[in-house]
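Subject: A structure to look through

Dear colleague,

I am handing over a structure for you to look at, and below it I have written down what was found. Please keep the structure open beside you while you read.

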Amino acid sequence: MKTKNIVHLILRLVPAAILLQTLYFKFSAAPESVHIFTTLGLEPYGRIGLGVIELIVAILILVPKTTWIGAILGIGIMLGAIFSHITELGIVVQNDGGVLFTLALVTFIFCVILVWVNRNQIPYLNK
């Protein structure tokens with residue numbers, strides 16, 4: 001495998017893994033997840049709905065032909081998460097040391113890079 005292919009694989013795996021890892025907490029109604037969505041006034045429908053959307057986004061990111069779609073959607077979701085942390089939740093949520101905020105930033109950055117790397121696949125930009 002070429003270095004370029006390995007880097008592209010890592011760029012897809014990291015945000016997908018982060019998105020998939022958080023699903024357990026959303027779908028199992030973990031106390032921290034319930035706290036977050038209660039604070040935002042979105043419990044339980046927002047927590048479960050966002051979990052379903054994040055599952056779809058992770059799958060889209062992992063499939064090479066749809067990576068750009070998943071990455072664009074991932075940017076939107078992570079902008080919402082980052083905005084929520086800055087305005088309502090705070091950087092540190094329930095003494096997590098800012099881990100959730102950091103994961104949102106990492107996912108956002110990787111999705112931005114994925115959109116840039118795959119910009120030639122985006123129909124509206126390719127005309």
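In which hand of crossing, left-handed or right-handed, does H1 pass H5? Before the reply, please bear in mind that this is a predicted model. The crossing in which H1 passes H5 is left-handed. Helix H1 covers residues 3–27 and helix H5 covers residues 99–117, and the two pack with their axes 9 Å apart, at an angle of about 140°. Because angles over 145 degrees would be needed to count as roughly antiparallel, H1 and H5 are described as oblique to each other.

On the H1 side, the residues that make this contact are His8, Ile10, Leu11, Arg12, Val14, Pro15, Ile18, Leu19 and Gln21, while H5 brings Leu103, Val106, Thr107, Phe110, Cys111, Ile113, Leu114 and Val117. Sorted by class, the contact of H1 with H5 is made up of 13 nonpolar, three polar and one charged residues.

Next comes helix H4, which spans residues 67–89 and whose buried residues include Trp68, Ile75, Met78, Ile82 and His85. The buried residues of H4 are covered by parts of the structure that include H1, H2, H5 and helix H3 (45–62). Just after H4 comes Gly90, which takes a positive phi of about 90°.

His85 lies in helix H4, and because its relative accessible area is 6%, under the 20% cut-off, His85 counts as buried. If neighbours within four places in sequence are left aside, His85 is in contact with Gly90, Ile91, Val93, Leu100 and Phe101. His35, on the other hand, lies in helix H2, which runs over residues 31–39, and with a relative accessibility of 33% His35 counts as partly exposed. With neighbours within four places in sequence again left aside, His35 is in contact with Val93 and Gln94. The C-alpha atoms of His35 and Leu89 are separated by 9.6 Å, although these residues are 54 residues apart along the chain.

Lastly, how many aromatic pairs does the count come to? The count comes to one aromatic pair, formed by Tyr24 and Phe25, which are edge-to-face, with 5.3 Å centre to centre and 80° between the planes. Tyr24 counts as exposed, at 57% relative accessibility, whereas Phe25, with a relative accessible area of 38%, is partly exposed.

How values were computed:
Residues numbered from 1 in each chain as written. Predicted model: local features only at pLDDT ≥ 70, side-chain atom pairs only at ≥ 80, totals over all residues. Heavy atoms only, no water. Axes fitted to C-alpha atoms, helices over the stretch in contact; angles between N-to-C directions. Helix = DSSP H or I, 4+ residues; strand = E, 2+ residues; numbered from the N terminus. Parallel < 35°, antiparallel > 145°, perpendicular 65-115°, else oblique. Left-handed = near helix turned anticlockwise from the far one by under 90°. Contact = heavy atoms within 4.5 Å. Nonpolar A, V, L, I, M, F, W, Y, C, P; charged D, E, K, R; others polar. Buried < 20%, exposed > 50% of the residue type's maximum accessible area, 1.4 Å probe, protein only. Phe/Tyr/Trp six-rings, centres within 6.5 Å; stacked < 30°, edge-to-face > 60°.
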